[in-house]
Amino acid sequence: MQFDRQHLSDETLLDLYTKILKPRLIEEKMLILIRQGKVSKWFSGVGQEAIAVGVTAVLNPEEYILPMHRNLGVFTTRGIPLYRLFSQWQGKANGFTKGRDRSFHFGTQEYNIIGMISHLGPQLGVADGIAVANKLKKNNQVTAVFTGEGATSEGDFHEALNIAAVWDLPVLFIIENNGYGLSTPTNEQYRCENLADKGVGYGMESHIIDGNNILEVYTKLETLVASMRENPRPVLLEFLTFRLRGHEEASGIKYVPQELMDAWAVKDPVENYKTYLESISVLTAQVDAEIRSSIKKEIDEHWAKATNEPEIAASFEEEMNDVYKPYDFESIAPGTETQSIRFVDAISQGLKQSFERHENLVMMGQDIAEYGGAFKISDGFL
């Protein structure tokens with residue numbers, strides 16, 4: 001693995017080391033707690049940390065990220081307090097789903113993270129929607145969305161890439177290609193040599209990146225994201241990586257040949273980066289020990305805080321408030337003047353009035369622009 005620091009300062013190099021080490025140490029803690037029966041399930045991202053950390057580190061806090069359930073580095077790099085994450089995984093009230101779920105199926109508007117959709121393809125279309133809003137606002141923001149190589153066979157993947165390419169939407173489509181969709185190897189999933197080629201098929205810029213090299217991820221994304229902010233467009237990124245543990249802890253890794261595990265073990269993104277920093281005298285044994293001690297202290301303190309949190313007491317009012325958004329009812333009485341018109345004309349008038357009333361209204365559909373739609377409902381709207 002070849003590291004190239006390029007223009008990065010010593011401070012940035014150490015900051016990236018701290019960021020990539022943190023999710024690894026959290027995972028080590030979780031795996032111990034699983035064996036102790038204090039955590040019931042865990043989806044490990046060991047071996048893939050460089051992608052989540054590198055991508056998140058180059059984005060601004062206001063730019064949205066749509067991660068998966070192995071992208072712990074997204075949440076830690078965004079600076080979410082660990083006790084909130086621990087409470088989420090333990091089904092406590094301080095969790096983001098207030099105890100309704102004990103996994104990564106959550107989002108938080110506070111940190112501009114959209115919760116994952118379990119089959120991973122549909123969240124790509126959601127990223128397109130965010131990008132449409134950003135482009136209309138002309139705020140020069142980029143949206144990053146993660147998916148796995150297995151989800152590239154889903155229809156949502158192709159629809160999302162197509163519309164993003166046609167509309168020049170500023171979306172980073174991130175494929176974590178770890179060689180397996182659960183237990184199915186990539187050679188049984190698709191025939192093209194590289195998943196990046198699928199981007200080319202949609203007329204989209206695409207790149208293949210070593211997903212285990214934090215500096216390659218960070219420097220290439222730094223340049224790409226800056227370019228996308230100035231020149232909005234989608235980019236497909238295929239990150240080559242590997243999952244050093246099972247799909248989830250209960251399933252194990254017996255379906256992976258041992259020689260493949262051994263080959264990827266020597267490409268560990270954390271250990272290789274640590275060795276590199278030591279070789280260029282940026283990281284010393286003392287500094288490493290201090291960083292690790294600080295992270296472990298934070299983990300232990302926040303775990304204790306989450307553990308000591310009281311059990312949830314159900315509240316009907318709170319449950320209902322989380323289902324129904326509060327609103328101020330506005331009664332709009334119909335006018336007295338009436339006319340006999342066709343139903344399609346009534347729809348057209350209603351839509352036209354809505355455009356006049358709401359400046360941020362967006363209308364999407366087939367042939368609804370210059371042509372006006374098959375029934376001419378949007379005729380003249382453009």
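Helices (H or I, at least four residues) and strands (E, at least two) are taken here as DSSP runs, numbered from the N terminus. On that basis, Asn-71 is placed in the loop between β1 (65-66) and α3 (72-77). This is a predicted model, in which local features need pLDDT of at least 70 and side-chain atom pairs count only at pLDDT 80 or more, while totals for chains, interfaces and linings use all residues. Residues are numbered from 1 along each chain as its sequence is written, and side-chain values use heavy atoms, with hydrogens and water left out.

- When neighbours within four places in sequence are left aside, Asn-71 is in contact with Ala-52, Phe-146 and Glu-176, contact being defined as heavy atoms within 4.5 Å.

**Helix α8**

- Helix α8, which covers residues 214-230, has 17 residues and reaches 24 Å from its first C-alpha to its last, close to the 24 Å expected at 1.5 Å a residue; the expected span is 1.5 Å times one less than the number of residues.
- At the start of α8, a side-chain oxygen of Asn-213 comes to within 3.1 Å of the backbone nitrogen of Leu-215.
- The buried residues of α8 include Ile-214, Leu-215, Val-217, Tyr-218 and Arg-229.
- Those buried residues pack against the helices α1 (10-35), α2 (49-58) and α10 (269-279), and also against the strands β3 (171-177), β6 (205-210) and β7 (235-240).

**A nonpolar surface patch**

- Leu-136, Val-166, Trp-167, Val-362 and Met-364 make a nonpolar surface patch of about 520 Å².
- Patches are made of residues with over 30% relative accessible area and no salt bridge, like charges being joined within 9 Å and nonpolar side chains (Val, Leu, Ile, Met, Phe, Trp, Tyr) within 5 Å, and accessible areas come from the Shrake-Rupley method with a 1.4 Å probe, where for residues only the protein chains shown count as cover.
- Val-166, one of the patch residues, lies in helix α6 (residues 155-167) and is exposed because its relative accessible area is 55%.

**Salt bridges**

- The structure holds 17 salt bridges, each being a side-chain nitrogen of Lys or Arg within 4 Å of a carboxyl oxygen of Asp or Glu.
- Lys-19 forms a salt bridge with Asp-15, with the closest N and O atoms 2.7 Å apart, and both residues lie in helix α1, four residues apart, about one turn of the helix.
- Both partners are partly exposed, Lys-19 with a relative accessible area of 22% and Asp-15 with one of 35%.
- Glu-298 forms a salt bridge with Lys-22, the closest N and O atoms being 3.1 Å apart; Glu-298 lies in helix α11 (residues 285-307) and Lys-22 in helix α1, so this pair ties together parts that are 276 residues apart in sequence.
- Glu-298 is partly exposed at 25% relative accessible area, whereas Lys-22, at 16% relative accessibility, counts as buried.
- Glu-318 and Lys-98 meet through their side chains in a salt bridge (3.8 Å, N to O), and this pair links distant parts of the chain, with Glu-318 in helix α12 (residues 316-323) and Lys-98 in the loop between α4 (82-89) and α5 (123-137), 220 residues apart.
- Salt bridges that share partners join Lys-98, Arg-100, Glu-318, Glu-319 and Asp-322 into one network.

Key: Buried < 20%, exposed > 50% of the residue type's maximum accessible area, 1.4 Å probe, protein only. Polar contact = N/O pair within 3.5 Å; in protein donor to acceptor, adjacent residues only side chain to side chain.
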